[in-house]
Amino acid sequence: MNNLVRCPGLYCGRELLPDGNWTECGACPRGFRTNMSSACVSCEDVPTFYDWLYLGFMALLALVLHWFCIDMVAMRRSIPKEVIVLHLSALFEILAASLITLQLTHPVGSFSIKSCKARKLSDWYTLLHNPSPNYETTLHCTQEAVYPLYTMVFVFYAFAVVLMLIVRPLIAKKFLPKKGKFSIYAALYFFPILALLHAIGSGLIYYSFPYITIILSVLSNAAHFAFKLNQTMKSLLLSSISDIKNVVVILGHWLLHGYGVIAIATLRGSSIHPAMLALVPLPALFYILTARFTDPHKLHTE
């Protein structure tokens, strides 16, 4: 029986053979990760709450883009029945793709996941950490050290596209025949872009998505109010509670903002206090209260 000798590099490992010997240093199989002794061990961790928030963010990102594209092609001030049906179709596609992805992830047929915990940023980019002992030959040890958080997103995108191509054309043809198809074309553009962003920046997104969520929700909230023709405090406040579409959009912003606040608290290891959620309406209230000070008609140049 060979003694276990530690491998060079951060992610090179050895597998235990049936005869008790160890293999040469290399990449661990999928679902395994090297430990401190360079032995390939099975991923048996349970995803943390933050991991679930990250996966939820990736699904929410696709859903919000779907809804945004549907609204853009519909170009309606209100939310008619036809547009609502398309929104529900997008919601069904994302939920179904998420459930199928969970069912097909190890252990298959269960909503639980066995994973390897992400310990640092380099865990997402093992390709960049292949060692070259004595600067002679390179050991190729690229593997999914954060199994299955990396590949799950690609599987989810694939199922989301397939389900969209099966379900959406039928609904769009019946309820919004002229413009509904353009929401499908838009998704066929943004899904490859999302996949490319995930392939390149998955680790950066994993550690920064709480801040991305809050920044995007604040900017989107400001843009929503900025498109109002009447920028008086009274008009903005009344339209926010009387117009159903405005109410839905503002509540959506609040939910995203709250999601980001909870994710930041989880990332920093803080306990989630209910008082944190009092910050959720702040961006909308701040815009309404300060809009009159930024009215361009009141600015005078010498």
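1. Cysteine 28 counts as buried, because its relative accessibility is 6%, and buried here means under 20% relative accessible area. This value, like the others in this note, is computed from a predicted model.

2. The partner of cysteine 28 is cysteine 40, and the two are joined by a disulfide with an S to S distance of 2.0 Å. This pair links distant parts of the chain, since cysteine 28 lies in the segment before β1 whereas cysteine 40 lies in strand β2 (residues 40-42), 12 residues apart. The torsion about their S-S bond is about -85°, so this disulfide is left-handed. Cysteine 40 is also buried, with a relative accessible area of 14%.

3. A disulfide also joins cysteine 43 to cysteine 116, with the sulfur atoms 1.8 Å apart. Here too distant parts of the chain are linked, with cysteine 43 in the loop between β2 and α1 (49-74) and cysteine 116 in the loop between α2 and α3, 73 residues apart. The S-S torsion of cysteine 43 and cysteine 116 is about -90°, and the disulfide is therefore left-handed. Cysteine 43 counts as buried because its relative accessibility is 3%, and cysteine 116 is buried with a relative accessible area of 7%.

4. Cysteine 12 and cysteine 141 are joined by a disulfide as well, at an S to S distance of 1.9 Å. In the chain the two residues stand 129 residues apart, cysteine 12 in the segment before β1 (32-34) and cysteine 141 in the loop between α2 (81-104) and α3 (149-175). The torsion about the S-S bond of this pair is about 95°, so the disulfide is right-handed. Both cysteine 12 and cysteine 141 are buried.

5. Taken over the chain, the count comes to four disulfides. If the bonded cysteines are counted along the chain, the pattern of the disulfides reads 1-3, 2-8, 4-5, 6-7. A further cysteine to look at is cysteine 69, which is buried with a relative accessible area of 13%.

6. Is leucine 219 buried or exposed? Leucine 219 counts as exposed, because its relative accessibility is 54% and exposed means over 50%.

How values were computed
Residues numbered from 1 in each chain as written. Predicted model: local features only at pLDDT ≥ 70, side-chain atom pairs only at ≥ 80, totals over all residues. Heavy atoms only, no water. Buried < 20%, exposed > 50% of the residue type's maximum accessible area, 1.4 Å probe, protein only. Disulfide = S-S within 2.5 Å. Helix = DSSP H or I, 4+ residues; strand = E, 2+ residues; numbered from the N terminus.
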